[in-house]
Structures are given as C-alpha cells and as structure tokens.
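Student: I am new to this structure and would like to learn how to read it. Could you take me through some features one at a time?

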Amino acid sequence: MKFIGIMGFLWLIVGLAQASNAEVYTFDNPTDEQTYQSLTEELRCLVCQNQNIADSNAELAQDMRRKTYELVKQGKNKQEVADFMAERYGDFVLYKPPFKPETAILWIAPFVMLIAAVWLLLRAIRARRNADETARLSERQLQEATDLLSSTKHKSS
Amino acid sequence: MNKALIPLILFMALAGLFLLMLSRMNDGEYNPRDVPTEFIGRAAPDFSLPALHQPERQVSPSQYQGKVWLLNVWGTWCAECWREHDFLLELAGKNIPILGLNWRDEAVDAKNMLVRLGDPFDQVAFDPNSQAVIDWGVYGAPETFLIDTKGIIREKHKGALNPTIWREKFQPYFEGES
C-alpha cells in the first residue's frame, strides 16, 4: 500500500515537471542546447516581468522560447540571439543588460554602495576604539581607586 | 536636534518616495509594463502567412511595397481590440491600408468578430502560432505599426489607437499622400 502511495506521488511529480516545460526541443549538439538553456534563463518574459522565459508558462514566454530555439537551430550564437531580442524588445528583455551610459548606474551603484558601507564600518570601528581609550583610567587614577577601596575595606572590618 | 529622530525622518522620506512612485507607476516612464519602444526606423520583418478568409492564399508585407500602410496586431481574446475596432473602421473609411495580423486566435472566432463589427482590414494574416509576432517585437495586443513606402517601420503604438494618438503620431505620414 505504502509502495503504491509513493509511486503515485512520484508519478505526480514527474507529471508536474513535464507540465512546467511543455515543449521538448531537440538539438544537433550539446553546445546548442547549452546556448538555448542559458538564453532562456537570461531573457525576461515581458508579460510576467519578474520571470525569465525558462520559468514562465505565459504564452508569450512559450513563443519567445520557440523563437530562441529556431534561432539557435539556424546556428546563431548566444550574442546574436540576445541582440535579436534586444533589438525588438529593448535591453529590458536582457537580465544581463550591456554596459552603456543608460545602464551605468545599474552596474556601478552596487560597488559604490559597497565602498560606502566599508567606509562607514571603518569609521564606526575607529570611533568605538577612541571611545574605549578615553574611558580607560590613567595609572594614577587607578592607584587612587585602589587606595580608596582598600581604606573603606579596613574601616568596615 | 534629537539624534533618535534621524531614523524616523529617513523612514518618512523613503515612505514618501515610495508613495510618489506608486502613484506614478501607471503612467509614463514609471510604468513597468511600458517597455521602451524599440524597433522604429528598422526594416519591417517579412512573413508569409495564410489569409484568414482564404487560407490557400498567402499574405505578406512585401505586397505593400511603395505604400504607407499599417500593421495592426489583434485577437478576439483582446478586449482592447474590440474597443479599438470602431476607430479602425473609421481609418478604413479614409482608405488607409491596414494589414490585420490576427494573433493566437481561432479562425472562426476571428471571422465572426469581423462579421459582427465590420471589417476594417485590407487583408488579414492568420497567425495562431505566433510565427510573425516575435519578429515584429510584439508582446501584447493591440499593437499598431506604421510602415513607410521604403518598408521601414516609422511608428509603433501599443494599446488601442485613438484620434489623439492618430493625429499626433500617424496622420502626418498620410498627409503628403492624398
């Protein structure tokens, strides 16, 4: 009984996996297949914008996958297919946009933020170290404190 | 000023910015669905698709060489296309050649719609499997392209055409003609 249950579950998973990637494309060589896979992961589906066309089941994503497949089949390399899509749908279709004036802020901002964060962190560390130093007692103050403590101890006993 | 207020002020500033952006998201350049218009000034991609009314005949953009014409992408599943239809009929009345690209549709449904609402199209190319649309950079319907006498795409409009957009973007191309 348990065995049948597990088999049923596996069957369901297999079914779901197939449903999520409906079309089966065959390639002449593994390089083309690799190109196709990486392209579908790097192209944005335009009607479900936070998904790439590999993950999306939207009809447009299916159409874009088919076009990608056709272009790869025709012997286009990855760059050529990406250019084809960007020419029609803008750089927006690429999850890896090219570096140019309009996209510079996208590429540079993370590094600027990282540098700023490191600078702030260093400043905070330095400030704390200085605070520690001013809080430390001088040799003479320490002696006085010990004397005071010992004198009170003598009195109470 | 109290230092403890700084985070609050920062939060308010950010919240204000987000609110502003949210309220502007549905228009103009802040609309995430409004992908920048590409593909203007390029040669119109060719295709050869069966005619909706006579499947044995092929429809192709090359038949319009030397004309200024429109390519209108539509489908019966697209509500905006129904809304746009009256205006297309108006354009057809002015003898503007419109090649209809019927996209991802059933032939029967498409024909029924044209019978019910009237047929503004010079010809209708039937594209149930999205053969041509990706080549044209289409991702939604309706979408209208204007192609000049040399076969170059000059204008493109996403969404339903209306008199204002027509006057601003499309009309000037037809003025020299008639």
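Student: In what order do the five strands of the open sheet in chain B run?

Tutor: First, some ground rules: this is a predicted model, where local features need pLDDT of at least 70, side-chain atom pairs count only at pLDDT 80 or more, and totals for chains, interfaces and linings use all residues. Residues are numbered from 1 along each chain as its sequence is written, chains are lettered from A and ligands numbered from 1 in the order in which they are written, and side-chain values use heavy atoms, with hydrogens and water left out. Strands are DSSP runs of E with at least two residues, helices are runs of H or I with at least four, and both are numbered from the N terminus. Two strands pair if DSSP finds at least two bridges between them. In chain B the order is 5-4-3-6-7, with mixed pairing. Strand 5 (123-127) and strand 7 (153-158) of chain B are the edges, each pairing on one side only.

Student: In which sense do strand 3 and strand 6 of chain B pair?

Tutor: Strand 3 (residues 69-74) and strand 6 (residues 143-147) of chain B are antiparallel, over five bridges. Within this pairing, B:N72 sits opposite B:T144 of strand 6.

Student: What should I look for in the backbone?

Tutor: Most residues other than glycine have a negative phi, and most peptide bonds are trans. Here, the bond joining B:A141 and B:P142 is cis, with omega about -5 degrees. B:P142 is in the loop between strand 5 and strand 6 of chain B. B:N95 has a positive phi, near 60 degrees, and lies in the loop between helix 2 (79-93) and strand 4 (98-103) of chain B.

Student: How many residues does each chain bring to the contact?

Tutor: Contact means heavy atoms within 4.5 Å. Chain A gives 17 residues and chain B gives 20 residues. The size of an interface is often given as the accessible area lost when the parts come together. Taken with a 1.4 Å probe and summed over both parts, the buried area here is about 1600 Å², 51% of it on carbon and sulfur atoms. A:E87, A:R88 and A:Y89 supply 36% of the area that chain A buries against chain B, more than any other three residues.

Student: How many salt bridges cross the interface of chain A and chain B?

Tutor: A salt bridge is a side-chain nitrogen of Lys or Arg within 4 Å of a carboxyl oxygen of Asp or Glu. The rule finds four between chain A and chain B. One of them links B:R42 with A:E87, whose closest N and O atoms are 3.4 Å apart.

Definitions and conventions: Buried area is the accessible area (1.4 Å probe) that two parts lose on being put together, summed over both.
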